[in-house]
Amino acid sequence: MRILVDADACPVKEEIYKVAFRHGVPVTIVSNSPIRIPAHELLDRVVVSDGFDAADDWIAERAGAGTVCITADILLADRCLKAGATVISSNGKPFTHSSIGSAIAVRAIMADLRAGGDAIGGPPPFSKTDRSRFLQTLDEALSRLKRGR
């Protein structure tokens with residue numbers, strides 16, 4: 001088991017460490033620039049080039065069964081799901097095979113609206129509820145993987 005984190009804009013890194021330490025699961029923090037991480041034997045940091053999708057490509061190539069990927073990037077989530085990984089958004093909502101199609105469709109619609117000049121705003125601010133849901137979802141995912149389900 002391993003946790004792969006799309007870390008450049010991830011607001012829940014501390015929560016990931018907390019749950020990973022409790023479960024004894026290694027974590028790889030992947031980013032385009034150096035990010036400070038605590039010194040711990042379960043934590044590893046990978047800095048990829050600043051090329052387009054470099055972090056996404058690195059994560060997707062290593063995702064698979066037994067891997068939990070943390071990302072808010074819908075297209076990366078799709079790639080990781082296809083590789084057999086468990087995928088969780090930083091707000092604690094899991095990406096699943098049944099939900100990823102509609103997430104991709106909504107992403108495309110929003111991109112079209114922005115391209116057309118519509119002011120549509122962004123996602124709601126990150127909340128305490130999101131943080132709490134993330135902790136619970138990650139803990140449940142790791143417990144499920146440990147049980148082999």
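Q: Hi! Is E41 buried or exposed?
A: E41 counts as exposed, because its relative accessibility is 78%. Exposed means over 50% relative accessible area, buried means under 20%, and partly exposed is in between (1.4 Å probe, protein chains only).

Q: Where is E41 found?
A: E41 is in the loop between β2 (27-31) and β3 (43-47). Helices (H or I, at least four residues) and strands (E, at least two) are DSSP runs, numbered from the N terminus.

Q: Before we go on, what kind of model is this?
A: This is a predicted model, where local features need pLDDT of at least 70, side-chain atom pairs count only at pLDDT 80 or more, and totals for chains, interfaces and linings use all residues. Residues are numbered from 1 along each chain as its sequence is written, and side-chain values use heavy atoms, with hydrogens and water left out.

Q: Thanks! What separates the C-alpha atoms of E41 and A77?
A: They are separated by 27 Å, and the two residues are 36 residues apart along the chain.

Q: New topic: how many aromatic pairs does the structure hold?
A: It holds one aromatic pair. Y17 and F21 form this pair, and it is stacked, with 6.4 Å centre to centre and 20° between the planes. For the cut-offs, rings of Phe, Tyr and Trp (its six-membered ring) pair if their centres lie within 6.5 Å; planes under 30 degrees apart count as stacked, over 60 as edge-to-face and the rest as tilted.

Q: Where do Y17 and F21 lie?
A: Both are in helix α1 (residues 13-23), four residues apart, which is about one turn of the helix.

Q: And why does Y17 count as buried?
A: Because its relative accessibility is 3%. F21, at 32%, counts as partly exposed.

Q: Which residues does D57 contact?
A: Leaving aside neighbours within four places in sequence, D57 is in contact with F52 and R79; contact means heavy atoms within 4.5 Å. D57 lies in helix α2 (residues 54-62) and, at 29% relative accessibility, counts as partly exposed.
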